[in-house]
Amino acid sequence: MTITTGKTGHLTIGGADAVALAHKYQTPLVVYDVASIKEQIKRFKQVFEEQGVAYEVSYASKAFCALAIYQVIAELDCHTDVVSGGELATALKAGFPAGKISFHGNNKSMAELEFAVKAGVGAIIVDNFYEIELLKQVLQEQKATAKVILRVTPGISAHTHEYDQTGQVDSKFGFDLASGQADQALEELLKLEQIEVLGLHAHIGSQIFEVGGFELVGQKLMEVAHAWTQKYGYVAKVINVGGGFGIKYTAEDTPLAPEKFVEHIVKVIKQKANEFQMEVPEIWIEPGRSIVGPAGYSLYTVGSRKDLPDHLSYLAVDGGMGDNIRPALYQAKYTAVLANDPLKTATETVRLAGKYCESGDILVAKAALPETKPGDIVALLATGAYGYAMASNYNRNPRPAVVFVEDGKDKLVIKRETYADLLALDLPYK
Ligand SMILES: *Cc1c(COP(=O)(O)O)cnc(C)c1O
């Protein structure tokens with residue numbers, strides 16, 4: 001959350017003036033600093049390289065899915081995760097290599113599996129027995145083969161500072177380990193000639209600040225891999241420990257650096273490999289938020305204001321829950337700055353309100369800002385993950401435009417919706 005400013009004193013994003021971008025493209029506007037995206041990926045990769053282990057960094061594209069992001073990710077030789085036919089179609093349209101795509105989901109449809117197999121995705125992350133049946137049918141029909149990774153529920157869950165080793169058996173995702181469902185799934189999959197089982201996957205949560213949960217999951221997956229070698233002679237090539245690496249939204253957030261997460265994950269997996277006299281498997285991670293979150297900024301124009309004698313004032317901007325539902329959905333916190341002068345000392349605390357017809361449409365419950373006037377540009381920091389991705393047309397507001405900036409140059413990558421776009425699917429009844 002380092003704030004940079006230019007000659008005018010305005011906030012800069014990737015070397016471009018945020019206020020100028022807001023005027024050029026209108027607001028609300030989502031702006032990504034491409035260098036920051038690349039930097040985060042490099043930081044994750046660096047430690048794997050130093051440690052000399054085979055690995056994949058697979059961008060969890062549900063955090064922000066668009067042609068442009070797949071193109072940036074592809075340039076850095078990453079994998080990507082998709083969770084729907086729509087995300088898969090977007091990745092393929094962007095020219096993302098199918099062999100580097102993992103397909104996730106707890107209820108993939110027949111049509112989605114057909115699409116994924118036909119496209120030749122690199123891994124289908126198999127989640128449940130119903131999916132195995134569907135996949136069998138698809139492979140028979142298409143006379144195709146598929147590589148799969150078994151998603152298991154390790155009984156570990158993590159959120160920010162806490163993790164829990166016994167809880168979270170009760171999850172809608174993956175095969176339960178404790179009750180033997182995962183063993184049974186492997187047995188079924190090993191019988192199928194058209195399927196190659198690459199390895200094991202688990203994902204324990206999101207916005208995790210500490211490494212303990214990842215260490216537990218790495219150890220657990222290695223123990224399962226070892227048990228499967230003993231029981232079935234099966235050797236897992238890939239251990240995928242999922243994503244969930246935390247980022248800084250406000251000054252109170254203190255996540256570990258990407259390097260630290262990877263360092264610890266590699267260490268425990270190497271230790272277990274040594275203990276079990278196994279080869280060190282390929283280690284896959286699936287960061288989403290930590291790749292695009294810090295790189296994103298939401299720009300809004302200040303509009304109306306409501307002052308009350310005994311309560312915080314409401315300062316309204318021209319966006320809100322339609323372009324970022326996270327504060328309304330789960331009290332997510334963000335930092336707001338005045339893009340016209342982001343280093344100016346804050347003189348008041350206001351509620352930064354959206355324009356949607358919900359009292360809960362408050363973007364920042366306590367925003368410390370200098371004095372503002374209508375027309376000023378306010379920026380929310382670190383909005384790059386699960387913001388635009390979850391955008392809606394609630395109140396029939398068009399979704400914002402998205403701009404990528406690199407080396408000071410801006411490029412529109414998603415157009416602002418028009419009223420015509422909003423009406424494109426409607427058909428008259430009479
Ligand atoms: C959502 C998700 C991720 C990414 O989580 P982040 O918190 O964005 O890093 C990774 N893997 C799986 C399976 C997920 O569902």
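Residues are numbered from 1 along each chain as its sequence is written. Because the model is predicted, local features need pLDDT of at least 70 and side-chain atom pairs count only at pLDDT 80 or more, while totals for chains, interfaces and linings use all residues; side-chain values use heavy atoms, with hydrogens and water left out.

The ligand turns up in the largest pocket. Here a pocket is an open set of points on a 1 Å grid over the protein atoms alone, where a 1.4 Å probe fits and protein lies on both sides within 12 Å along at least five of seven lines; to sit in one, a molecule needs more than half of its atoms within 2 Å of the grid points. Around the ligand are 14 residues (a heavy atom within 4 Å), and the closest are K62, S206, E286, R289 and Y386. That shell splits into three nonpolar, seven polar and four charged residues, with Tyr counted as nonpolar and Gly as polar.

As for polar contacts (N or O pairs within 3.5 Å), the side chain of S206 puts a polar atom 2.4 Å from a ligand oxygen. K62 also reaches a ligand oxygen, at 2.8 Å, whereas H203 has a polar side-chain atom 3.4 Å from a ligand nitrogen. The protein covers 93% of the 390 Å² of accessible area that the ligand has on its own (Shrake-Rupley, 1.4 Å probe).

An unreviewed UniProt entry annotates G244, E286, P287, G288, R289 and Y386 as "binding site"; such annotations may be inferred rather than shown by experiment. Of these, G244, E286, G288, R289 and Y386 are included in the lining of the largest pocket (an atom within 4 Å of a grid point). G288 itself falls in the loop between β16 (282-285) and α10 (289-292), with elements taken as DSSP runs (H or I, at least four residues; E, at least two).

Now for the backbone. Most residues other than glycine have a negative phi, and most peptide bonds are trans. T27 and P28 are joined by a cis peptide bond, with omega about -10 degrees, and P28 belongs to the loop between α1 (18-25) and β4 (29-33). Q331, not a glycine, has a positive phi of about 50 degrees; Q331 is in the loop linking α11 (326-330) and β19 (336-338).

Terms used: A polar contact is a pair of N or O atoms within 3.5 Å; within protein, one must be able to donate a hydrogen and the other to accept it, and residues adjacent in sequence count only if both atoms are side-chain atoms.
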